[in-house]
Amino acid sequence: MRLEGKVALVTGAASGIGRETALLFAANGARVACADLVEEDNAATAAAIVADGGQAIAVTADVAVAAEVEAMVAATIDAFGALHVAFNNAGIMHPEDGDAVETDEHIWDLTMRINALGVFLGCKYEVPAIRASGGGSIINTASFVAIMGAASPQIAYTASKGAVLALTRELAVVHARENIRVNALCPGPLRTELLMSFLDTDEKKQRRLVHVPMGRFGEAVEMAQAALFLASDESSYVTGSDFVVDGGLTAAYVTPE
Ligand code: NAD
């Protein structure tokens with residue numbers, strides 16, 4: 001049980017990476033607060049944990065609204081009395097996000113609000129709770145697109161994930177002596193609803209896969225396994241990292257045929 005005795009908060013827990021991570025954290029002994037905007041599916045994640053003998057609560061929250069994020073952290077403390085692990089993972093990839101010329105300002109604002117402000121607000125309210133619990137681990141979901149330039153553009157998304165990397169580094173440095181580790185998880189392209197609906201033709205999917213040495217999309221559970229490592233004490237000397245889990249994408253200059 002790699003998270004025995006820990007309390008974890010996972011945002012975006014209704015779906016994809018967040019759901020898989022909430023389930024895996026619970027299977028490894030954590031008590032888990034599942035948070036998402038989508039009430040029913042989020043409740044289903046918490047219910048699955050409880051049905052499996054674990055402890056979980058479901059909190060409906062919009063990560064881009066400060067009062068809701070504050071209430072989300074308070075609900076976690078109310079239920080479980082502490083906070084040790086926070087996975088700020090909720091995010092969007094808007095279908096109208098494209099290059100700088102064609103992307104509307106409101107798509108930029110919306111994407112930055114959820115993906116960047118949402119992570120900032122999470123950290124703002126989680127840090128004091130983790131500090132009061134004696135320390136812990138914050139994991140912020142960024143993306144490989146914050147490291148590599150992509151020819152299939154999503155300018156707002158890319159910028160928002162760059163912000164996540166930058167704020168993660170600063171948080172890691174500022175809070176290192178408080179026993180609070182802060183890392184960014186950088187997934188490669190995954191076979192989740194979020195990306196598959198963005199790459200909505202076979203041609204677009206193949207265009208992305210050409211760059212992945214392993215030749216396949218990643219799975220949400222493979223991100224959950226990385227998040228588990230960053231959450232657990234096994235990663236006790238890891239902080240401020242861009243933790244890349246991408247099938248080799250960022251290492252590749254030319255990929256094998
Ligand atoms: P997903 O769409 O399956 O899950 C995202 C979850 O976030 C959903 O349950 C959604 O309801 C929730 N959410 C969205 N806006 C919210 C808000 N304002 N408040 C609360 N919850 C909100 O997608 P996923 O692939 O599991 O993505 C999770 C994270 O991983 C995102 O930050 C995404 O940008 C990142 N990521 C995904 C990929 C990929 O290929 N799928 C690659 C790199 C990074």
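**Reading a cavity and a few ligand contacts**

Author: Helix α4 gives the most to the lining of the largest cavity, with four residues. Helices here are DSSP runs (H or I, at least four residues), numbered from the N terminus. This is a predicted model, where local features need pLDDT of at least 70, side-chain atom pairs count only at pLDDT 80 or more, and totals for chains, interfaces and linings use all residues. Residues are numbered from 1 along each chain, and side-chain values use heavy atoms, without hydrogens and water.

Reader: How many cavities of 30 Å³ or more does the search find?

Author: Rolling a probe the size of a water molecule over the atoms shows where empty space is left. A cavity is a set of points on a 1 Å grid over the protein atoms alone where a 1.4 Å probe fits but cannot get out. Here the search turns up one, and its volume (space filled by probe spheres on the points) is about 50 Å³.

Reader: Which residues line the largest cavity?

Author: Lining residues have an atom within 4 Å of a point. Among them are T11, M72, N88, I114 and G122. Both α3 (66–80) and α4 (105–132) supply at least two. By class, there are six nonpolar, five polar and no charged residues; Gly counts as polar.

Reader: And the ligand: which side chains have an N or O atom 2.6 Å or 2.8 Å from one of its oxygen atoms?

Author: Look for N or O pairs within 3.5 Å, called polar contacts. The side chain of Y157 has such an atom 2.6 Å from a ligand oxygen, and the K161 side chain has one at 2.8 Å. I17 uses a backbone N or O atom instead, 2.8 Å from a ligand oxygen.

Terms used:
On a 1 Å grid over the protein atoms alone, a cavity is a set of points where a 1.4 Å probe fits but cannot get out, and a pocket is an open set with protein on both sides within 12 Å along at least five of seven lines; lining residues have an atom within 4 Å of a point. A polar contact is a pair of N or O atoms within 3.5 Å; within protein, one must be able to donate a hydrogen and the other to accept it, and residues adjacent in sequence count only if both atoms are side-chain atoms.
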